Amino acid sequence: VAALINDLGVTRALNLAKANFRGLPLAELSEDDLRSSADTGLFEKSAHAALGELDAFVSHAWRDPAPPKYAALVAWGRSFEEANGRAPIVWLDKACVNQSRIQEALACLPVWLAGCESLLVLASSSYASRLWCVIELHTWCVMGGDLARVSVLPIAPAAELHASFARFRVENADCFVADDKARLLAVIESGFGTHDAFSALIRDLMRSRLPGKGSEAKV
């Protein structure tokens, strides 16, 4: 966490995260919004929120196709509304991060994750190949997030998901921006010393949450 905050310091990072914490009503999301990270006006549909007010932090890979991601989110949203009597409000990167201030977002990530009631993982066979995704997953745990509040929404067959995480090695994961990968790997090295230790942690974590093959995950 200290490496993610970098030179900002705890107080400044916390204040920055509070000032820029935003939530998106899930009803405002369309399938087209999930087709790419390109601007579709979604940021304007989100609104400032207080820490603890958001129902879920959505962790997903942009390279995955939009239809299954959207279908999984809609189904989850319906279940949430049936259980809570209202529609959910979520944190989604495209909607809630000012794209001109990505480096600030990295420092705010631990606080934003802690400010959400649950973590939604849109799990595909490519999820483990995206470095930002696994950083979000690990940061949730580091910030004291309960694994019982991690919901894995499969968008690929269980066998594919288990295989992709079984061979996960963090050094093989990528970012759209090469500089992001270098910085995130430095964050991991500062906390774990070796890539192997981090990779083993992520493999074990997802093995316990993925559906199928004897997993005890609740999705």
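## The sheet around strand β3

Six strands form an open sheet in the order β2-β1-β4-β3-β5-β6, with mixed pairing. Two strands pair if DSSP finds at least two bridges between them. Strands β2 (47-48) and β6 (150-154) stand at the edges; each has a single partner strand, so one side of each is left without a neighbour in the sheet. Helices (H or I, at least four residues) and strands (E, at least two) are DSSP runs, numbered from the N terminus.

This is a predicted model: local features need pLDDT of at least 70, side-chain atom pairs count only at pLDDT 80 or more, and totals for chains, interfaces and linings use all residues. Residues are numbered from 1 along each chain as its sequence is written, and side-chain values use heavy atoms, with hydrogens and water left out.

**Strand β3 and its neighbours**

Strands of a sheet pair through backbone hydrogen bonds, either parallel or antiparallel. β3 runs parallel to β5 (residues 119-123), joined by 3 bridges. Val-58 stands opposite Leu-120 in β5. Helix α3 (residues 66-84) packs on the sheet and touches β3, β4 (89-91), β5 and β6. The direction of α3 makes about 145° with that of β5; axes are lines fitted to C-alpha atoms, for helices over the stretch in contact, and angles run from 0 to 180 degrees between N-to-C directions.

β3 also runs parallel to β4, through 2 bridges. The chain crosses from β3 through α3 to β4, and this β-α-β crossover is right-handed (with the strands pointing away from the viewer, the path from the first strand over the helix to the second runs clockwise). Phe-57 has Trp-91 as its bridge partner in β4.

Ala-56 and Val-58 point one way from β3, while Phe-57 and Ser-59 point the other way. All are buried (under 20% relative accessible area; exposed is over 50%, partly exposed in between, with a 1.4 Å probe and protein chains only).

**Core**

The largest nonpolar core has 66 residues, of which Trp-91, Val-121 and Leu-131 touch the most other members. Such a core is a set of buried Ala, Val, Leu, Ile, Met, Phe, Trp, Tyr and Cys residues joined through side-chain atoms within 4.5 Å. Helix α5 (residues 102-114) gives the most to this core, with 7 residues.

Ser-59 is found in strand β3 (residues 56-59). Its relative accessibility is 0%, so Ser-59 counts as buried. Beyond four places in sequence, Ser-59 touches several residues, including Val-121, Tyr-127 and Glu-136; contact means heavy atoms within 4.5 Å.

Arg-35 lies in the loop between β1 (22-25) and β2. Arg-35 counts as partly exposed because its relative accessibility is 46%. Trp-62, Ala-66 and Pro-67 are touched by Arg-35, not counting residues up to four places away in sequence.

The table gives side-chain polar contacts (a pair of N or O atoms within 3.5 Å; within protein, one must be able to donate a hydrogen and the other to accept it, and residues adjacent in sequence count only if both atoms are side-chain atoms).

| Side chain | Partner side chain | Distance |
|---|---|---|
| Ser-59 | Tyr-127 | 2.6 Å |
| Arg-35 | Glu-31 | 2.8 Å |
| Arg-35 | Asp-32 | 2.7 Å |
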